[in-house]
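This note sets out comments on the structure shown below, arranged as numbered points.

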Amino acid sequence: MNPVRNIKIIRYKDGKFDECDDIVAVEAKLRLYINDEEILSISTTPSNIRELITGFLMTEGILKGEWCPEKISIETDEKEIKAKVILEGFTSLEGKTITSGCLASVSFIKELKTKIVDDLKVEAYSLFSLFREFQLKSQLYRETGCVHSAAIADKDKILFLSEDVGRHNAVDKVIGWALLNKVSFAGKIILVSGRVSSEMALKVAKWKIPIIVSRAAPTSLAVELANNVGLTVIGFLRGNRFNVYSNPQRIGEYEQK
């Protein structure tokens with residue numbers, strides 16, 4: 001399934017209406033089955049589906065048993081995507097079926113008991129360079145203007161970028177990519193295009209990733225959580241400026257006053 005679709009639209013410009021071609025992002029229904037039970041129904045961009053499923057299931061701790069993410073079966077037709085995970089164990093869903101498009105209303109992370117201990121230091125110029133690369137590689141957003149982007153990087157370069165109609169989905173995709181490719185989360189940075197909510201901070205902190213950077217703002221709960229677990233949250237990275245909301249010691253130029 002292609003992540004974009006060409007359509008005819010009516011465009012108004014300079015006092016005139018004209019029919020022209022345009023590109024829109026495809027929003028597809030993903031139904032996820034564990035064994036024969038449907039446990040997830042969300043809207044997603046039809047790319048990196050294996051990474052999305054892996055990132056979501058592993059981060060939320062839904063699976064309680066042996067499974068092989070490389071053997072997720074995925075079937076696609078014109079309207080929806082069906083994915084199936086074979087599990088020798090059981091799921092921990094507490095009777096809930098998730099229907100949120102971005103998974104923001106339900107989180108299976110009950111209580112995060114972790115502390116991020118990572119000596120990563122990154123210079124401000126590296127953050128600006130990474131975000132320029134991030135924006136250049138967000139091709140689907142540049143074509144359609146209606147998706148979120150997320151990436152995982154080290155302090156020198158972006159390792160993997162994904163885009164999705166759901167911002168939480170985009171983060172799950174990059175986490176899933178790292179898990180599938182056995183990439184360590186130590187010394188890594190998550191870049192996101194949208195706001196940093198508490199759910200977003202939880203996903204990053206779960207894997208002890210030390211820094212998350214956004215061009216938008218974090219919520220108060222995200223900042224509180226970040227301070228508790230040792231996560232560095234950077235927001236409003238635009239032009240040559242940014243705000244550090246928690247744990248500024250990971251920014252190379254910063255000196256405690």
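1. In what follows, a residue is called buried if its relative accessible area is under 20%, exposed if it is over 50%, and partly exposed in between. The model under discussion is a predicted one. With that cut-off, the buried residues of helix α5 are Ser198, Met200, Ala201, Leu202, Lys203, Val204 and Ala205. Because 7 of the 9 residues of α5 are buried, the helix is largely enclosed by the rest of the structure.

2. After α5 comes lysine 208, which has a positive phi, near 60°.

3. Lysine 203 and aspartate 172 meet through their side chains in a salt bridge, with an N to O distance of 3.0 Å. Aspartate 172 belongs to helix α4 (residues 167-180) and lysine 203 to helix α5 (residues 198-206), so the pair ties together parts that are 31 residues apart in sequence. Both partners are buried: aspartate 172 has a relative accessibility of 0%, and lysine 203 has one of 2%.

4. The count of salt bridges in the model comes to 10. Another of them joins aspartate 36 to lysine 84, with the closest N and O atoms 2.9 Å apart. Since aspartate 36 sits in the loop between β3 (28-34) and β4 (37-44) and lysine 84 in strand β7 (residues 80-85), this pair ties together parts that are 48 residues apart in sequence. Here aspartate 36 is exposed, at a relative accessible area of 68%, while lysine 84 is partly exposed at 29%.

5. A network of salt bridges links Arg31, Glu38, Glu80 and Lys82. Within it, the closest N and O atoms of lysine 82 and glutamate 80 are 3.8 Å apart. Lysine 82 is partly exposed, with a relative accessible area of 36%, whereas glutamate 80 is buried at 16%.

6. Which strands make up the open sheet, and in what order? The sheet has 4 strands, ordered β4-β3-β7-β6, and its pairing is mixed. β4 and β6 (73-76) are at the edges with a single partner strand each, so one side of each is left without a neighbour in the sheet. On average, and ignoring direction, neighbouring strands are turned by 20° against each other.

7. The pairing of β6 with β7 is antiparallel and extends over 4 bridges. Isoleucine 74 stands opposite alanine 83, a residue of β7. Helix α1 (residues 49-60) packs on this sheet and touches β3, β4, β6 and β7. The direction of α1 makes about 55° with that of β3.

8. Is threonine 232 buried or exposed? Its relative accessibility is 0%, so threonine 232 counts as buried. The threonine 232 side chain reaches the backbone oxygen of asparagine 247 at 2.7 Å. Leaving aside residues up to four places away in sequence, threonine 232 touches Pro210, Ile211, Ile212, Val244, Ser246, Asn247 and Arg250.

Terms used: Residues numbered from 1 in each chain as written. Predicted model: local features only at pLDDT ≥ 70, side-chain atom pairs only at ≥ 80, totals over all residues. Heavy atoms only, no water. Buried < 20%, exposed > 50% of the residue type's maximum accessible area, 1.4 Å probe, protein only. Polar contact = N/O pair within 3.5 Å; in protein donor to acceptor, adjacent residues only side chain to side chain. Contact = heavy atoms within 4.5 Å. Salt bridge = Lys/Arg side-chain N within 4 Å of Asp/Glu carboxyl O. Helix = DSSP H or I, 4+ residues; strand = E, 2+ residues; numbered from the N terminus. Pairing = 2+ DSSP bridges. Axes fitted to C-alpha atoms, helices over the stretch in contact; angles between N-to-C directions.
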